[in-house]
Amino acid sequence: MTVRKNLCMRAYGKINLTLDILGRMENGYHEVEMIMQQVSLYDSVQISEKTDGPAEISSNCPWLPSDGRNLAYKAAEAFARATGYDVPVKIRIGKYIPVASGLAGGSSDAAAVLRGLNILTKAGLSTEELCKIGRDIGSDVPFCITGGTALATGRGDELRPLPPMPDCRILLAKPRLSVSTPAAYAEFDRAKNITHPDTASCIQALEHGDLAALAAGMHNVFEDSLPIPEVEKLKQIMKEHGALCANMSGSGPTVFGIFTDESAVLKARAACRACAPFVFYCRPAARRRGG
Ligand code: C5P
């Protein structure tokens with residue numbers, strides 16, 4: 001088999017600074033309003049051209065599916081369908097973002113495949129065109145294509161860029177459990193007492209570069225509809241160690257804490273390691289230049 005060309009992409013994870021659900025849409029999806037922030041934790045996605053056959057997926061993660069259940073595989077198929085550039089490829093994923101964690105690792109791998117194939121084939125699609133392909137793969141894929149800081153509305157795929165999050169330390173901790181996104185939305189539909197985030201004040205805080213005000217307004221409605229004791233424990237540990245705030249990302253269960261102080265985040269990291277198998281400290285990632 002002759003490998004003709006290859007390239008390696010970074011697939012960054014995301015956190016939800018706010019996550020609000022406004023209602024149900026006619027297509028069955030929920031209408032959301034979320035401030036999304038890309039973070040510096042990333043998977044590596046290596047794409048190599050091969051001579052023939054369907055896309056081949058491999059990774060360093062034994063339980064990651066390598067067939068059509070993998071969003072990276074779906075992305076390769078969707079790109080070929082949309083553009084007519086049906087280039088046979090091998091995709092090797094270095095998985096460092098935990099799976100099913102609320103950090104959009106799978107969506108980001110798919111986004112990296114779309115961006116990578118656009119470069120490899122010289123198809124010349126714009127960011128908007130890539131996002132159009134991406135939204136059929138998953139609601140978070142368009143944000144993972146554009147990155148940075150953005151307000152996501154509709155089903156999460158309509159994006160408005162926001163001023164970048166002020167630099168800070170972000171501690172991620174994922175408890176030893178997984179949450180199904182559809183199940184989390186179904187639980188939300190049954191929930192009664194929901195506190196909604198103050199999205200407008202968070203946007204204003206971003207405009208003023210005010211990290212403390214941003215942290216004060218953050219909230220995720222899934223924490224009200226599906227309280228998880230392990231999540232509460234990690235939030236408490238992070239706050240006790242000086243986090244400006246600690247919240248769950250997406251439908252969970254990863255908790256992120258916002259810190260300004262290096263020594264505080266290191267102590268919080270050590271404390272979280274006592275009860276969470278995945279603990280990682282990162283920073284906000286900037287919007288990709290030129291898409
Ligand atoms: O878009 P994505 O494939 O990531 O969504 C997974 C599932 O999460 C959907 O099938 C739906 O059940 C739920 N969802 C929703 N409203 C959204 C996004 C996702 O109900 N805005």
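**Notebook: the ligand and its pocket**

I began with Arg155, where a backbone N or O atom lies 3.0 Å from a nitrogen atom of the ligand. I count such a pair as a polar contact if the N or O atoms are within 3.5 Å; within protein, one must be able to donate a hydrogen and the other to accept it, and residues adjacent in sequence count only if both atoms are side-chain atoms. Taken alone, the ligand exposes 450 Å², of which the protein buries 71%. These areas come from the Shrake-Rupley method with a 1.4 Å probe, and for residues only the protein chains shown count as cover.

I note that this is a predicted model, in which local features need pLDDT of at least 70 and side-chain atom pairs count only at pLDDT 80 or more, while totals for chains, interfaces and linings use all residues. Residues are numbered from 1 along each chain as its sequence is written, and side-chain values use heavy atoms, with hydrogens and water left out.

**Shell around the ligand**

I then looked up two side chains. An N or O atom in the side chain of His30 is 2.7 Å from an oxygen atom of the ligand. For Ser139, a polar side-chain atom lies 2.5 Å from an oxygen atom of the ligand.

I listed the residues around the ligand (a heavy atom within 4 Å of it); among them are Tyr29, Val32, Gly138 and Tyr185. Helix H5 (181–190) and strand S2 (30–49) each supply at least two residues of this shell, and H5 gives the most, with 3 residues. Helices (H or I, at least four residues) and strands (E, at least two) are DSSP runs, numbered from the N terminus.

**Largest pocket**

I found the ligand in the largest pocket; to sit there, more than half of its atoms must lie within 2 Å of the pocket's grid points. A pocket is an open set of points on a 1 Å grid over the protein atoms alone, where a 1.4 Å probe fits, with protein on both sides within 12 Å along at least five of seven lines; lining residues have an atom within 4 Å of a point.

The volume of the largest pocket is about 1,200 Å³, taken as the space filled by probe spheres set on the points, which are joined across faces, edges and corners. Of its 40 lining residues, those closest to the centre are Leu71, Ser107, Asp140, Thr181 and Pro182. Helix H2 provides the largest share of the lining, 4 residues.

**Backbone**

I recorded a cis peptide bond between Gly252 and Pro253, with omega about 5 degrees.
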